[in-house]
Amino acid sequence: MSDAEITTETPTGHSRRTFIKGVIATGAVVSSSSHLFRARSLSASAAVRASMPRMISLNVNGVSRSVDVMPQETLAMTLRYKLGLTGTKLGCDRAECGACTVLIDGVSHYACSLLTNAVRDRSVTSVEGLEGADGTLHPVQQAVIDEGGFQCAFCAPGFIMSMVALTNENPEPTREEAAEALSGNLCRCGDYDKILNSAMRAAEYARRMV
Amino acid sequence: MAVIRDMMPAFELFQPTSVDEALDVLERHDNTWVLAGGLDSMDWFKDRIKRPDVVVELGSVSELAGIRASGDGLEIGAMTSLRDVVASDDVRSRFGLLADAAAQVATPQIRNQGTLGGNLIQDTRCWYYRGGWPCYRAGGNICYAGTPRSMNREHAVTGQSRCVAVNGADTAGALVALGAQMMVRNAGGERVYEAEDFFVGPEIDIERMTVLEPGDLLTHVRIPGDWAGARFYWEKVRDRKSWDWALASVAAAIVESNGTIERARIAINGVAPTPVRLTDVEDLVQGMPANDDTGMAAGELATRGFKPLRHNDYKVPLARNLVRRAVRGDMA
């Protein structure tokens with residue numbers, strides 16, 4: 001990363017919106033200043049600086065998107081509240097329930113417990129990225145619909161992402177293997193039997209497409 | 001602690017690309033926190049119980065990830081995901097004990113993003129401590145879990161010293177049984193610890209789980225070839241089949257010849273503030289037949305002197321039976 005890229009976004013206009021953004025940016029500067037002064041006095045040529053480019057580019061669902069991210073911001077927060085991708089749910093926000101499951105480079109992760117800055121150079125897939133460009137549903141989505149897999153379905157996006165990971169990694173899962181693959185997701189309606197039916201049907205649909 | 005669903009408090013984030021850079025940042029700042037997979041750390045941050053000023057995220061330090069041959073054994077980077085440990089042919093074929101233990105950590109997502117180093121140095125799950133109560137471990141002057149009316153079903157049955165919390169790292173017991181070494185670096189150089197010496201009980205330092213001090217990085221775990229291909233036994237008992245930490249676990253590496261135990265290395269975890277290596281049991285079973293009688297004697301010896309709390313006396317027969325099964329060689 002070059003020094004030129006290390007910038008803090010500063011407001012230029014005088015609208016209410018830019019004023020508010022200015023307050024946010026100033027907050028970041030205040031919180032970071034003690035470190036900056038100290039770092040310079042102790043080590044002028046420090047190879048590492050705090051990663052302070054607030055505007056980062058994030059590859060989400062195959063599209064590179066520019067987004068203003070705080071250092072302590074989780075990927076779930078960025079997806080939901082910065083990029084409007086509210087399919088990713090926040091249930092527990094503690095890496096327990098799995099409602100926030102997304103794929104990072106094809107591998108399932110809890111988005112509530114990942115810093116957005118940690119996945120800058122990776123490829124993020126949320127539930128919105130599953131359907132084809134022509135609106136064709138992903139085989140997992142189709143299977144969930146055909147099986148009526150969920151009751152309230154708050155947990156569905158997370159389960160669906162885990163099912164996508166399952167069908168990618170294990171095209172012919174047994175029911176036990178499917179249960180193990182989905183063991184990082186919780187359903188408070190207790191609809192696990194139908195969810196497992198969906199997973200098995202999803203694997204079948206995915207095999208047919210190959 | 002109420003669940004707070006807004007943003008974590010602010011911190012400076014550093015994302016070094018080498019160990020030297022990471023150590024440089026740790027050296028230059030106070031109140032730092034090293035972030036690996038984030039699954040332990042984020043809970044602390046979100047609950048506002050641990051509030052670092054500077055967070056060093058190690059995901060870009062490629063030299064810390066990966067599994068490679070080292071002498072007649074293996075060297076595993078601390079940032080290697082548990083998923084990669086489980087999937088590694090080298091680990092599975094020669095040190096299957098570690099693969100078995102890593103495969104039972106939490107959930108698929110947690111194994112995908114959680115790291116071997118993070119699993120090893122995770123803080124204890126005592127919920128009084130995690131809930132922000134000012135206990136000994138948190139710098140206070142009381143243990144909330146050790147009183148007669150405490151909820152302490154999951155706590156320690158041995159090794160208590162004011163604090164009664166247990167070590168929750170599944171891979172820790174396996175690495176003790178494999179005779180692994182932990183490579184630790186700070187700005188001053190590298191130190192190497194035997195796995196069983198890497199973990200620190202409350203009688204030594206009540207506020208830490210390991211030897212790591214501020215400024216230290218666990219960089220690699222080195223597994224010697226001594227126990228490659230031995231008969232391994234891993235068993236973890238937990239309340240649920242997913243997510244849970246162990247109520248008790250056993251990890252054993254046993255070399256037999258014609259049904260006689262030539263040498264053994266056995267550790268139990270989930271019963272004390274550190275993983276417990278059972279050196280007395282190892283000595284006892286040497287030269288004995290690998291059968292139920294030996295297992296019974298081993299289990300009795302392993303649990304001698306255990307001091308259960310009010311709600312966890314079940315852990316004594318549990319640990320006894322786990323050691324018994326490991327020694328006699330059940331199919332896990």
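## Overall form of chain B

A contact is counted where heavy atoms lie within 4.5 Å. On that basis, of the contacts in chain B with a separation of 6 or more, 64% join residues 24 or more positions apart. The model is predicted.

Chain B comprises 13 helices and twelve strands. Its radius of gyration is 20 Å, close to the 20 Å that the globule rule gives for 332 residues, so chain B is as compact as a globular protein of that length. Along the principal axes, the C-alpha atoms of chain B occupy a box of roughly 60 × 50 × 35 Å. Of the 332 residues in chain B, 56% are buried. The chain exposes about 13000 Å², of which carbon and sulfur atoms supply 47%.

## Nonpolar cores

The largest nonpolar core holds 67 residues. The members that touch the most others are A:Leu75, B:Leu98, B:Leu116, B:Leu120, B:Leu175, B:Met182 and B:Ile223. When residues up to four places away in sequence are not counted, B:Leu98 touches B:Ile76, B:Val85, B:Val91, B:Leu116, B:Thr171, B:Ala174, B:Leu175, B:Leu178 and B:Ile223. Another core, of 26 residues, lies apart from the largest one and includes B:Tyr233, B:Ala264, B:Leu278 and B:Val327.

## Aromatic pairs

Over all chains, the structure holds eleven aromatic pairs. In one of them, the ring centres of A:Phe159 and A:Tyr192 are 6.3 Å apart and the planes stand at 65°; the pair is therefore edge-to-face, since angles over 60 degrees fall in that class. This pair links distant parts of chain A, 33 residues apart: A:Phe159 belongs to helix H4 (residues 156–169) and A:Tyr192 to helix H6 (residues 192–209). A:Phe159 counts as buried because its relative accessibility is 1%, whereas A:Tyr192, with a relative accessible area of 36%, is partly exposed.

B:Trp44 and B:Tyr129 also form an edge-to-face pair, with 5.1 Å from centre to centre and 65° between the planes. B:Trp44 lies in helix H2 (residues 41–46) of chain B and B:Tyr129 in helix H8 (residues 127–130) of chain B, so the pair ties together parts that are 85 residues apart in sequence. Both B:Trp44 and B:Tyr129 are buried.

## Charges over rings

Two arginine residues lie over aromatic faces in chain B. B:Arg162 is placed over the face of B:Tyr136, at 4.7 Å from the ring centre. B:Arg263 is placed over the face of B:Trp227, at 4.4 Å from the ring centre.

Note on methods:
Residues are numbered from 1 along each chain as its sequence is written. Chains are lettered from A and ligands numbered from 1 in the order in which they are written. This is a predicted model: local features need pLDDT of at least 70, side-chain atom pairs count only at pLDDT 80 or more; totals for chains, interfaces and linings use all residues. Side-chain values use heavy atoms; hydrogens and water are left out. Rings of Phe, Tyr and Trp (its six-membered ring) pair if their centres lie within 6.5 Å; planes under 30 degrees apart count as stacked, over 60 as edge-to-face and the rest as tilted. Helices (H or I, at least four residues) and strands (E, at least two) are DSSP runs, numbered from the N terminus. Buried means under 20% relative accessible area, exposed over 50%, partly exposed in between (1.4 Å probe, protein chains only). A charge sits over a ring if NZ of Lys or CZ of Arg is within 6 Å of the ring centre and within 35 degrees of the ring normal. A nonpolar core is a set of buried Ala, Val, Leu, Ile, Met, Phe, Trp, Tyr and Cys residues joined through side-chain atoms within 4.5 Å. The radius of gyration is taken over C-alpha atoms; the globule rule is 2.2 Å times the number of residues to the power 0.38. Accessible areas come from the Shrake-Rupley method with a 1.4 Å probe; for residues, only the protein chains shown count as cover.
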